[in-house]
Amino acid sequence: MKYNFDFASLQEYWPEFLRGALMTLEMTVIACVFGLVIGVLCAIGRRGKRKWLATLCGAYVEIVRNTPYLIQIFFIFFGLASAGLKLPIFAAAVLTMVFNVGAYTAEIVRAGMDTIHPGQIEAAEALGLSTPQIYWDVILRPSLERVYPSLSGQFVLMMLSSSVTSQISAEELTGVANSVQSESFRSFETFIVVAVLYFGMAMMLKFAFHLFGQAIFPRRRRLGTPL
Amino acid sequence: MSAVVKLHDIHKSFGSVEVLKGVSFEIAKGEVVAIIGRSGSGKSTALRCINRLETIQSGTLEVCGHRIDNEAVDLRALRQDVGMVFQSYNLFPHLTVEENITLAPRRVKKLANRDARALALESLQRVGLAEKIDAYPEQLSGGQQQRVAIARSLAMQPKVMLFDEVTSALDPQLTGEVLRVMETLARGGMTMVVVTHEMAFARRVANRVIFMHQGKVWETGPGDMLADPKTPELRDFISNGL
Amino acid sequence: MGGSFTVNHLIYLLQGMMWTVVLSALAFALGGVAGFGVMLMRTARTRLLRQISFVYVQLIQGTPLLIVLFVVYFGLGVVGIELPPLLAAGVSLMVYSSAFLGEIWRGCVEAVPRTQWEASECLALTRWQTLVDVILPQAARIATPPTVGFLVQVMKSTSLASVVGFVELTRAAQVVNNSLFTPFLVFGIAGVLYFALCYPLSRWSRSLERKLNVGRRQAA
């Protein structure tokens, strides 16, 4: 059967696509920043001496990693609404993203921390550094440098997963695509265009993370070797 | 006697670094040749060219009647005639000794499964390890693994065998057993090309020694030449060890 | 709206859960076969095959699964092939899994030392014989933990099939919630059921990996 592609009729929607793409990026950036903070705190919590905190952080990570993101979205969004807390959709969508990516980040950061040799910590203790100082300078900074590739990969995946927030009517790229296809009746073309846009954004994001990594890790910039 | 291996004016570069700068030598049937030289002299590369693990840039190369300096060479036919033993043994860790030895005969020469064990046993007897037929490589010492690697190569009944620093990865007390196996092979008439650091072995077992230096054949002669080096480079090499 | 959660609702969710398992198995099986093909192409000697498969992997890994699902669903629809939702979801998940599994397995094949290829070559084995008899058995050991780990990923991803109306666990939960409007309870139960499917697999994957690491350390 023959099918005539018609991408021309989608031209008038390009501002919509652009708006959706920008919102996707905005949501991703916010989610990554807060996700990183939560992930680092959670990774520290799991290593800490307080048993209950370690258990709590462990449970959070396992629950998020072993249930679908879509279920997490419905649970949080509809759940909060039924409890009387009506968040704006944008805030709700970002909240679910932070909740989700925080757990994955925690697992990656923890793996990074596990690679720090105990001798490093002993050396820092012998030099009289305090526990927070040791965490920041001796554990966290090299860990983050080491897991930076997995971390940025995870953030790119989060950007792609954010398409799922269209299911609670977030007006990001996939949400826009849904309304465009129902108006234009060119579903196939619409989703091809959107697939290309996502792919472009994923490449862009990867490149941005590469540049960012060069900027914040001087050792990596000067030597170019993995730590 | 006819030459089994003929190298003529072989040039080989890795990128911009020329490692072989016009290497020529011939090896006759039944001859045992030791190639010695410093690391970086090109001796291992020359050996690896003989069974086309490395491609050459120019020169002519003939091994067991196969012209192998062109693109169209039948590599599988060549490799059935040429056996190779590596420094790091390269046994297949997931297979038993028997399976290691019989894999290629079964797959390449279509040896029947019922004849495989007999072949494995026969090959192992030649290296004195018949009792290890059902072991896995990790259960063997380095010297034993290397002897199994020799048996694996023998089972293909090669016309020439290449040995690439086969004792270099072994503890000194384990090199003896491997060298003894090689010596027995040599006495049995196998054509052998041996890249080695074992000067005593080269002197005692080899019919001829080739000293390579800076990508060239620098000096060549019978084993005795090691006692009376002609070039200062060889003299230096012998007195300073490796 | 209204009413309370009954045994019937639970049975409905469990039926959905069964379809989640069916869809996961289908996607994993199809994706495994296609992923094997991707792995072969990614490690092929022909440059063109490597490039084509590289682009394929990049494209799929750079596009949201939800969009792949829409492209397949609407795309095949307009070309005149009316796919039942199960099949549309199965095909999308196959495409998605093939890219990720192909890439995971390529890494495992490349983790087998080059010298194993060389030794096989010297024994006159063909490339295919080398792959089947020497490389794959060794790669399989390394590949098991991440492959089981990816199965968890597939299982979670099947929830997206709800979007094209396939009644698996997530869709079933939506249907129940639409009549009861007790989202914490309904999606909570759905979450627990997913957890019951995924968590054992995650644990298994991790224990496999630990065993592999111990084995490696002893070998070294």
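Reader: How many helices and strands are there in chain A?
Author: Chain A has nine helices and zero strands. Both are DSSP runs numbered from the N terminus: helices are H or I with at least four residues, strands are E with at least two. This is a predicted model, where local features need pLDDT of at least 70 and side-chain atom pairs count only at pLDDT 80 or more, while totals for chains, interfaces and linings use all residues. Residues are numbered from 1 along each chain as its sequence is written, and chains are lettered from A and ligands numbered from 1 in the order in which they are written.

Reader: What box do the C-alpha atoms of chain A fill?
Author: Roughly 75 × 50 × 30 Å, taken along the principal axes.

Reader: And how much of chain A counts as buried?
Author: Of its 227 residues, 41% are buried. Buried takes 20 or more other C-beta atoms within 10 Å of a residue's own, exposed is 12 or fewer, and partly exposed is in between, with C-beta atoms placed from the backbone.

Reader: Okay, A:A124. Where's its place?
Author: A:A124 is in helix α5 of chain A, residues 118-126. A:A124 counts as partly exposed because 18 other C-beta atoms lie within 10 Å.

Reader: What does A:A124 touch, skipping residues up to four places away in sequence?
Author: A:L129, A:I134 and A:V138. Touching, or being in contact, is C-beta atoms within 7 Å, again placed from the backbone.

Reader: Switching to interfaces. How many residues of chain A are in contact with chain C?
Author: 31 residues of chain A, against 32 of chain C. On the chain A side, α2 (51-65), α3 (69-82), α6 (131-161) and α8 (187-216) each supply at least two residues. α8(A) gives the most, with 10 residues.

Reader: How does that side divide into nonpolar, polar and charged?
Author: The chain A side facing chain C has 20 nonpolar, nine polar and two charged residues. Nonpolar covers Ala, Val, Leu, Ile, Met, Phe, Trp, Tyr, Cys and Pro; charged is Asp, Glu, Lys and Arg; the others, Gly among them, are polar.

Reader: What about chain C with chain B?
Author: There, 16 residues of chain C are in contact with 18 residues of chain B. On the chain C side, α5 (114-122) and α6 (127-157) are the elements giving two or more residues, and α5(C) has the largest share, six. That side divides into eight nonpolar, five polar and three charged.

Reader: How do α1(C) and α6(C) cross?
Author: The axes of α1(C), residues 7-42, and α6(C) come within 9 Å and cross at roughly 125 degrees. Axes are lines fitted to C-alpha atoms, for helices over the stretch in contact, and angles run from 0 to 180 degrees between N-to-C directions.

Reader: Which residues meet there?
Author: C:T20, C:S24, C:A27 and C:F28 in α1(C) meet C:L151, C:V154 and C:M155 in α6(C). Five of the residues in that contact are nonpolar, two polar and no charged.

Reader: Last one: which residues touch the most other members of the largest nonpolar core?
Author: B:I35, B:V193, B:V194 and C:L69, in a core of 189 residues. Such a core is a set of buried Ala, Val, Leu, Ile, Met, Phe, Trp, Tyr and Cys residues joined through C-beta atoms within 7 Å. Helix α4 of chain A (residues 89-114) provides the largest share, 13 residues.

Notes:
Two residues are in contact if their C-beta atoms, placed from the backbone, lie within 7 Å.
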